[in-house]
Amino acid sequence: MLGRKKHSAPGSKLPSVAVIISTFNQVEWLEKALWGYMVQTHSAFELLVADDGSGEETRELLRYYREEKGMPIRHVWQEDKGFRKCRILNQAIRETSAEYLIFSDGDCIPRKDFVESHLKKARPGCFQSGGYLKLNPRVSAAISQNDVLHQHPFSVRWLLRKGGRFSYKLVKLVRSHLITCVLNKITPTRPSWNGHNVSGWRSDILSVNGFNEDMGYGGLDRELGERLLNAGIEGQQIRYYAISVHLHHNRPYRKKTVLSQNAAIRKQVRKNKLTWVKNGIRKEGEKALV
């Protein structure tokens, strides 16, 4: 197995960081997500788009934002052969040498303090489990670049005015350190590795061999988190601290047979306290990654 590197202690120099976002043929939503990364309060990060086979339109979008807007984007692409998110995420991890990795999706707009929040909470031997607020189709379509610039999608009043429904979940958008600390402590939701909003040390991820490429859609992210927990990496709850909003979309790739297969894999991981997966980022016979 791969050894772990020593991590920067809290209060010391911040680690190098990369944000990895996954996408597949959702150009309009991906652009809205990019707007969110353009206004981050902590701007010293590398952005990798893990692309599971999108067409030329996505390539051109990323070229535009890289060359015309100066965004530090790396487009990590693979041919479309069906849902292979774990494979492209592993490839993105290979492509960066950043010490700390933040994962999200190309249909999630991060609040401006998203990267900063993850870095502030980063701790040795831990991963950080964030949250999101789901938006309906009407609100998702209404969001403009100006709205993201002024952080309107993170305003309860704005969301309700645009057609969002009132819900207790809107409390996620409250900007109060005291309230968010209390909510993170009292929430019954256990911290898990959620692909839409999670972060951890690259060396810890490598130590369990990354994502399991045998996993299809449904729980694939959580399976990695369960192996991290088995390896002694603790999950920390920051679902009310590091915030993103999730744009509405359908899931035509959701299949009952795959969900059942994934559930069986996760059951074995939990039952046998597995930490290593054979079909992960490092293949059999390959040298250790650094």
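1. Is arginine 227 buried or exposed? In this predicted model, arginine 227 counts as buried, at 1% relative accessibility. The residue belongs to helix α10, which spans residues 220–230. Its side chain reaches two backbone oxygens: that of valine 208 at 2.5 Å, and that of glycine 210, which lies 2.7 Å from a polar atom of the arginine 227 side chain. Beyond its neighbours within four places in sequence, arginine 227 is in contact with a set of residues that includes Phe211, Asn212, Val269, Leu274 and Trp276.

2. Leucine 89 is part of helix α3 (residues 85–95) and is buried, with a relative accessible area of 3%. Phenylalanine 211 is 122 residues away from leucine 89 in sequence, yet the two C-alpha atoms are 7.3 Å apart in space. Apart from neighbours within four places in sequence, the contacts of leucine 89 are Ile20, Ser22, Ala50, Phe103, Phe211 and Asp221. Phe211 is likewise among the contacts of arginine 227.

3. Seven strands form an open sheet in the order β3-β2-β1-β4-β8-β6-β9, and the pairing is mixed. Strands β3 (73–77) and β9 are the edges, each pairing on one side only. From one strand to the next, the twist averages 20 degrees.

4. How many residues of β4 are buried? Six of the six are buried, so β4 is largely enclosed by the rest of the structure. Tyr100, Ile102 and Ser104 point one way from the strand, while Leu101, Phe103 and Asp105 point the other way. In a regular strand, side chains alternate between the two faces of the sheet.

5. The pairing of β4 can be followed on either side. With β1, the sense is parallel and there are six bridges; here isoleucine 21 stands opposite serine 104. With strand β8 (residues 197–201), the sense is antiparallel and there are five bridges; here phenylalanine 103 has valine 198 as its bridge partner. Phe103 is also one of the contacts of leucine 89.

6. Helix α8 (residues 177–186) has Thr180, Leu183 and Asn184 as its buried residues. These cover an arc of only 100 degrees around the axis, which puts them on the same side of α8. The face turned away from that buried side carries the exposed residues Leu178, Lys185 and Ile186.

7. Helix α1 (residues 27–38) lies across β1 (17–23), β2 (46–51), β3 and β4 (100–105). The helix runs at about 165 degrees to β1.

8. Zero disulfides are found in a search of the whole structure. Cysteine 108 is buried, with a relative accessible area of 0%, and cysteine 126 is buried at 8%.

Technical notes. Residues are numbered from 1 along each chain as its sequence is written. This is a predicted model: local features need pLDDT of at least 70, side-chain atom pairs count only at pLDDT 80 or more; totals for chains, interfaces and linings use all residues. Side-chain values use heavy atoms; hydrogens and water are left out. A disulfide is a pair of cysteine sulfur atoms within 2.5 Å. Buried means under 20% relative accessible area, exposed over 50%, partly exposed in between (1.4 Å probe, protein chains only). Helices (H or I, at least four residues) and strands (E, at least two) are DSSP runs, numbered from the N terminus. Contact means heavy atoms within 4.5 Å. A polar contact is a pair of N or O atoms within 3.5 Å; within protein, one must be able to donate a hydrogen and the other to accept it, and residues adjacent in sequence count only if both atoms are side-chain atoms. The arc is that of the directions from the helix axis to the C-beta atoms. Two strands pair if DSSP finds at least two bridges between them. Axes are lines fitted to C-alpha atoms, for helices over the stretch in contact, and angles run from 0 to 180 degrees between N-to-C directions.
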